[in-house]
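Student: I would like to work through this structure with you, one question at a time. Could we begin once it is on display?

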Amino acid sequence: GTAALPERVAREAAGPLPAGLSDAQLHAWAAAATERIVEAYQERDYTWARAWFRVDADGRVRLLVDEGKIRVRFTGAGGVGAFLFRVGLNLPNDVYHAATVTRALAVLKKKYNLQNIYPRVKEPGEMEVTAFGDAVPHRVLQIYVVTRDFAGWGFDLQLSATWGLLPGVVY
């Protein structure tokens, strides 16, 4: 799908399909087209974009673009803190865009007076299935939050269905 960038970007990167290609040439063209699409996304800071192709029996080429869809997890932040950080992160359509992530993390660091906040993209072994039926690794944007503490102690908030908002401390 193309939600982050206009479909035109992928179409222009793929280029026109030449006429009269053999089956092997058609597969080679489609493979090269997916590489060009990924490069076009990466040039625009969509670092984790990927693409696949399928050639139907009638010779129709179908291209599938993953612009860099990613799940976000926070380490070092309590439930409420992680929620506030997630709201502040603002990844449209949950698509990883390097410049957006860098900017958002700098804002979060300043806003919450954090000692450090840094991202790592991981493929934890979970798989997802593409529209073509292929299993591919699911990606997770793991964001590590280092808060300022007092003599080794940090403060935290948790949300409990029974007790509501609970202050806490961590060491």
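Predicted model: local features only at pLDDT ≥ 70, side-chain atom pairs only at ≥ 80, totals over all residues.

Student: What span does α4 reach from its first C-alpha to its last?

Tutor: Helix α4 covers residues 98-111 and has 14 residues. The expected span is 1.5 Å times one less than the number of residues, and for α4 the expected value is 20 Å, to which its reach is close, at 20 Å.

Student: Which elements do the buried residues of α4 pack against?

Tutor: Buried means under 20% relative accessible area, exposed over 50% and partly exposed in between, with a 1.4 Å probe and protein chains only; by that criterion Ala 98, Thr 100, Val 101, Ala 104, Leu 105 and Leu 108 are the buried residues of α4. They cover an arc of only 155 degrees around the axis, taken from the directions from the helix axis to the C-beta atoms, and are therefore on the same side of α4. The face turned away from that buried side carries the exposed residues Thr 102, Arg 103, Val 107 and Lys 110. The packing partners of the buried residues are α3 (79-89), β4 (116-122) and β7 (140-146).

Student: Are α1 and α2 oblique or roughly parallel?

Tutor: Helix α1 (residues 7-14) and helix α2 (residues 23-43) pack at an angle of about 135 degrees, with their axes 8 Å apart. Angles under 35 degrees count as roughly parallel, over 145 as roughly antiparallel, 65 to 115 as roughly perpendicular and the rest as oblique. The angle therefore makes α1, relative to α2, oblique.

Student: Which residues does Ala 30 touch, not counting those up to four places away in sequence?

Tutor: Ala 30 lies in helix α2 and is buried, with a relative accessible area of 0%. Its C-alpha atom is separated by 7.9 Å from that of Leu 63, 33 residues apart along the chain. With contact meaning heavy atoms within 4.5 Å, the residues that Ala 30 touches are Phe 53, Val 61 and Leu 63.

Technical notes
Residues numbered from 1 in each chain as written. Heavy atoms only, no water. Helix = DSSP H or I, 4+ residues; strand = E, 2+ residues; numbered from the N terminus. Axes fitted to C-alpha atoms, helices over the stretch in contact; angles between N-to-C directions.
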